Structure formats: C-alpha cells, structure tokens
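Subject: Two-chain model for your review

Hello,

I am passing on the structure below, followed by notes on what was found in it. Please read the notes with the coordinates open.

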Amino acid sequence: MGCFSNVKEWKSFRLVKSRAELKSTFSAKIQIHVEALEILLQGLCGVHRERLRIHEMCLKSGPNLGLVASEVRLLCDLEQPEPAWTVKHVGGAMRGAGAEQISVLVRTMVESKASKNVLRVFYALGYKLDHELLRVGFAFHFQRGAQITITVSSVNKMLKLHATDEAVPVTPGIQLVEVTAPASSENYTEVVAAMSSFCEYLAPLLHLSKPGVSTGVVPTAAAAAASLMSDGGGTTL
Amino acid sequence: MPVKWVLHWQPNAGTTVNSQILTEVSQCVEGINGVKEGRWKATLTFYRPMLREQANMAEFPRDFLGISLPEQPNKYYFVIRGQRLVLEADLTIQTIMERLQSYKARVALNFEGFQYQLGDFQLRVGKVVPNHAESLRGILMEVEYLPISSWDKSHQIMEEFFDIWQEALSKRSLPGHFVHIEPSFGEFGLSEQYTSQHTAIQYASIVAQMIATAQSAQSVRN
C-alpha cells in the first residue's frame, strides 16, 4: 500500500538522509489520504469525479493603468479536447462581525468563458503576467443543499514560461482541498450552511477552514483512510 | 454560420447622412421584394483606459471596442483593431471589465432597424445612433446569405447580390452609396468559415471608417 514497489527500493531509501526518508513517508501518507478522500467523496457526492488540469495565469495591471491596481485570472482547462479558457475576477471578501461568524469565506466572483487569444488581449490592454500555476487533480460537482464543487489538487509551478509539461509541485506531497459554491446576497446563509454540513462528512479525514487559517492534521485520519481503502469504501465512518 | 457582409453608407463629399436616405433605402429593399420581418439591434461601445497622470497614452490601445450582436444574445465581443485582436466571451466579461476599473465604457453606438427576408438572403437595414441621442450618425446594412458559411465560396454570389442592390438603389439618385470593406480575417487569426467574430470585426472596421470620414469632413470644414 506504500509508494515503493519492492523491498529493495525501500531499503535504498533508508540509506538516504533521514529527512528524505521522512519526506517520502509523509508523501505516502498524503497519497493514501487522497485516494481515501476520493473514495469518500465518490460515496458522498454520488457523481463521477472529473479530472482537473487547469493552467491558471494571474495577471496584474501594469504601472499607470487604472486608478487602482487590478488583477484578473485566466484559467485554461487542459482536460478539454480543445483548451477552454475562462476569465475570472475575484473580488473582496465579505468583512465585518457577520463575516467573522461565518465558517466560510464569502467573496464576489465573476467568470466568463473566452476564446483562445484572451491572454493576448489582456496583454494588449496593458496587463502583465504576475505568476502562473498548474493545478492537477480531480473535482466533484454535485447538488447537496447548494451547487457544491470540491476539488483536490496539487499546485504546480512551471520552470519555464507556460511550460505545463514541465511543472513541479510547489509543496510536494501536499494537496489543496477546496470546497466552493455559488451564492447570491439573498441566499448565501443557506449556501454556507450546506457547505458546512457537507464538510462535516469529511471530518474523519480532514478539517477544512477559511483560506489563510490553518487547521492541522486530523489525528485519526490515517486510521480512517486505511479503513476506507481496505474495503473500497464500504465502511461507514 | 451563414456568411454576412456588413455595408455602410458613404455620403458623397459635402453631404451628410439623414433619415430620408434611410427611408429610401428601406423602401428600396421592399421594392425588390424584401419581406419585412422584425426589428434588430446591435451595440458598440468604446472603451478608454483609465490612466494615472504619468502614463504614456501611446502604450494603451485607443481602439478597444466592445460589441453585442442580436444573433448571439449571450455573447460579447472585444476588438482591438490596431493589433488585429478579436475575442468572443460571455456577457459577464462586461461585469469583469467594470470591476477591474482599468478601462471604462465611454461612448456607445446603437445599430437598429428592420430585418427583411429576400429568398436565401436575410437583410438588415439600420440607423447608427449614439446611445443617449437621436442624431443619425450613419446607415448600416447587413447582407447574409443563408446557404453558405465559407467566406471564400460565397464571394461570387455576394458580389452579384451587391451589384443588383447598388443598381436598384442608384435609381433613387441618393447622395451616396453603400461600401463594403473586406477586413483581412486571417490577420485576426480567423479561418474562412464565417462566425460572429467575423461580424464583430466588420462592425469595428466600419466604425473606424465612419470616424475617419467624419474627421476628414471636420478638417475640410476647418
């Protein structure tokens, strides 16, 4: 069940510095958890997972453009037969005492599909590439009190400009789990409740928190993951 | 998608476009048995960069346009003609531009009028008016040939129709004529299979032509 194919390989790893050994063990644990998470989500969501391979480019306005600086994201879905582009603008987060009470981050977001030369258009308008990432993993889209999307992905950086075939993980062995749902100003409390309720089902494996707030590792996660893996998800957690 | 030529009215030197010409053009379409169907409307918006004082204006495009077309109610088009760029996006791209606040929508032009069916052709005749004014700035016509979607293959029949149309119109002795500009779609990265992006480029070219004509008329008067 570990990441090594045979004992000989494992032994050669033992000869390497302990830090490297620890790292590989840690990676194995995360890898097991991801597979367990996938099984759990498959059972919870009742839909098939979708593969995720998104090239995300974050553009910022060049100097002097706009009275305030602005930022826009271009997402290229590499899983489609033809690369499919989306322009995304993420606005400010909801603030104040009300926002602090809520367990999820609420912020405005506008998306638009766009044809393939959208990057050239934004460059022509005076935007510059600030950074780019490649997210690789999977996603579930389902309805459970709200239209919820959960993505599990590794975040990768490109060593050369736009070289998505040569991306390496930003934090090896660590995956990003994100749960999002669209909401309007009229219904966001119901959507927040639906998301929080769904996230409770993930508690055996992981705790989700507002972006920027660390939650640490679930102490019983390894046991829960092993249980999920051993009987292919038949276990009730 | 069927091929479309977008024509604009070029007034004779020293004359301006007026609503009587529009009436005559519409009557001419009906005279060649065009069947009036309904109204149509397209819009074109000029976007201007919001720059801080020390900015060099030349670095930013002055010809950044947004276009909405009636045949694509869920789409919006951007054209930066000088750089041969055209973009097709969802309507929400307008909201994104508003949120970015790097470019502001300034003047908008409406193209509106009636649509006619004439055999395999669909014609639209429209006036060009600024969004918040009634003054007629131009006359525009769309000629769409429904059976063909290849720009190259359609050329002959479109030319023939254009000749017939010009001849019918010439009998009314109007002070001007329709012009067809043929943009180099390939320079915009488009194939010869016709799409709404081709239409957006034709609109952008026509507006550029109208501005150039108005500016040269202005300089003659000055």
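Predicted model: local features only at pLDDT ≥ 70, side-chain atom pairs only at ≥ 80, totals over all residues.

**Notes on the model**

**Chain A**

Chain A contains six helices and eight strands. Their order along the sequence is α-α-β-β-β-α-β-α-β-β-β-β-α-α. Of the 237 residues in chain A, 37% are buried.

Glu35(A) is part of helix H2, which covers residues 18–45 of chain A. Its relative accessible area is 35%, so Glu35(A) counts as partly exposed.

Trp85(A) sits in strand S3 of chain A. Trp85(A) is classed as buried because its relative accessible area, 14%, falls under the 20% cut-off. Neighbours within four places in sequence aside, Trp85(A) is in contact with Met57(A), Leu74(A), Leu75(A), Cys76(A), Ser112(A), Lys113(A), Ala114(A), Ser115(A), Lys116(A) and Val118(A). The C-alpha atoms of Trp85(A) and Val155(A), which are 70 residues apart along the chain, are separated by 19 Å.

**Interface between chains A and B**

At the interface, 29 residues of chain A are in contact with 29 residues of chain B. The area buried between the two chains is about 2500 Å², and carbon and sulfur atoms give 62% of it. Asn64(A), Val110(A) and Leu125(A) supply 24% of what chain A buries against chain B, more than any other three residues.

What does the polar side look like? Eleven residue pairs are in polar contact between chain A and chain B, counting pairs with both residues at pLDDT 80 or more. The count of salt bridges between these chains is zero. On the side of chain A that touches chain B, at least two residues come from each of strand S2 (71–77), strand S3 (84–93), strand S4 (107–114) and helix H4 (118–125). The residues on that side divide into 15 nonpolar, nine polar and five charged.

**Nonpolar cores**

The largest nonpolar core has 56 residues, and those touching the most other members are Ile67(B), Phe111(B), Leu123(B), Met141(B), Trp165(B), Phe178(B) and Tyr203(B). Not counting residues up to four places away in sequence, Trp165(B) touches Leu7(B), Val25(B), Cys28(B), Val29(B), Ile32(B), Met141(B) and Phe178(B). Another core, of 33 residues, lies apart from the largest one and includes Val72(A), Cys76(A), Val87(A) and Ala114(A). In soluble globular proteins, nonpolar side chains tend to be buried together.

**Positive phi angles in chain B**

Which residue has a phi near 55 degrees, a positive value in a residue other than glycine? That is Arg84(B), in the loop between strand S4 (75–80) and strand S5 (85–90) of chain B. Arg84(B) has a relative accessible area of 33% and is therefore partly exposed.

Ser173(B), also not a glycine, has a positive phi of about 50 degrees. Ser173(B) belongs to the loop between helix H3 (151–170) and strand S9 (176–180) of chain B. With a relative accessible area of 62%, Ser173(B) is exposed.

Regards

How values were computed:
Residues numbered from 1 in each chain as written. Chains lettered and ligands numbered in written order. Heavy atoms only, no water. Helix = DSSP H or I, 4+ residues; strand = E, 2+ residues; numbered from the N terminus. Buried < 20%, exposed > 50% of the residue type's maximum accessible area, 1.4 Å probe, protein only. Contact = heavy atoms within 4.5 Å. Buried area = accessible area lost by both parts, 1.4 Å probe. Salt bridge = Lys/Arg side-chain N within 4 Å of Asp/Glu carboxyl O. Polar contact = N/O pair within 3.5 Å; in protein donor to acceptor, adjacent residues only side chain to side chain. Nonpolar A, V, L, I, M, F, W, Y, C, P; charged D, E, K, R; others polar. Core = buried A, V, L, I, M, F, W, Y, C linked by side-chain atoms within 4.5 Å.
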